[in-house]
Amino acid sequence: MGIISTGNEIIGIDEKLTEGKIREVNSHLLSALCRSYGCEVKFFGTVKDEYDEILSAVKTALSESDIVLISGGSSAGTKDMTVKVIEAVGEVFAHGLAMKPGKPTIIGKADGKGFFVKRFYNAFGKLEKFTHLMVISFA
């Protein structure tokens, strides 16, 4: 299981928190949850909302993982490049789900490997239920 976080506003846990910034915690939550299902997990870092940076991280994660989870970039804003990256390397099955939590979600595949993209900023209870559903469906 490969995990990538995206976002210009995302900073590491050791960095000084300033206005407009958010600590990167999703990889820790997702890693723990995936490990609870017996998955091997590798974090491929936090990348900025730049097409080339996301593409590079995705290609690396694809070469080393069976499933790639991406936290961020799943909405339809001008800085949300993730869907374009997945289209470039594979196929997008869904971009947006008619459920809450879950609306800004991307599901796809490349090289026979699954992608699941979501901005995992929900309260942990919702995150846990939503991600359990996702991990079970890919496992």
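Student: Is S65 buried or exposed?

Tutor: S65 counts as buried, because its relative accessibility is 4%, where buried means under 20% relative accessible area, exposed over 50% and partly exposed in between, with a 1.4 Å probe and protein chains only. Please keep in mind that this is a predicted model, in which local features need pLDDT of at least 70, side-chain atom pairs count only at pLDDT 80 or more, and totals for chains, interfaces and linings use all residues. Residues are numbered from 1 along each chain as its sequence is written, and side-chain values use heavy atoms, with hydrogens and water left out.

Student: Where does S65 lie, and what does S65 touch?

Tutor: S65 lies in the loop between α2 and β5, helices being DSSP runs of H or I with at least four residues and strands runs of E with at least two, numbered from the N terminus. Leaving aside residues up to four places away in sequence, S65 touches M1, G2, F44 and K113, a contact being heavy atoms within 4.5 Å. The S65 side chain also reaches the backbone nitrogen of G2 at 3.4 Å.

Student: How many helices and strands does the chain have?

Tutor: The chain has four helices and eight strands, and along the sequence they follow the pattern β-β-β-α-β-α-β-α-β-β-β-α. Of the 139 residues in the chain, 45% are buried.

Student: Which residues have the most contacts inside the largest nonpolar core?

Tutor: They are I4, I54, V58 and V68, in a core of 14 residues; a nonpolar core is a set of buried Ala, Val, Leu, Ile, Met, Phe, Trp, Tyr and Cys residues joined through side-chain atoms within 4.5 Å. At least two residues of this core come from each of β4 (42-47), α2 (51-64) and β5 (67-71), and α2 gives the most, with six residues. A second, separate core has seven residues, including M1, L30, C34 and L69.

Student: Which residues of α1 are buried?

Tutor: In helix α1 (residues 26-36), the buried residues are N26, S27, L30, S31, L33 and C34. Just after α1, G38 takes a positive phi of about 90°.

Student: Switching topic, where is I13?

Tutor: I13 is in the loop between β2 (10-11) and β3 (22-23), and I13 counts as partly exposed because its relative accessibility is 49%.

Terms used:
A polar contact is a pair of N or O atoms within 3.5 Å; within protein, one must be able to donate a hydrogen and the other to accept it, and residues adjacent in sequence count only if both atoms are side-chain atoms.
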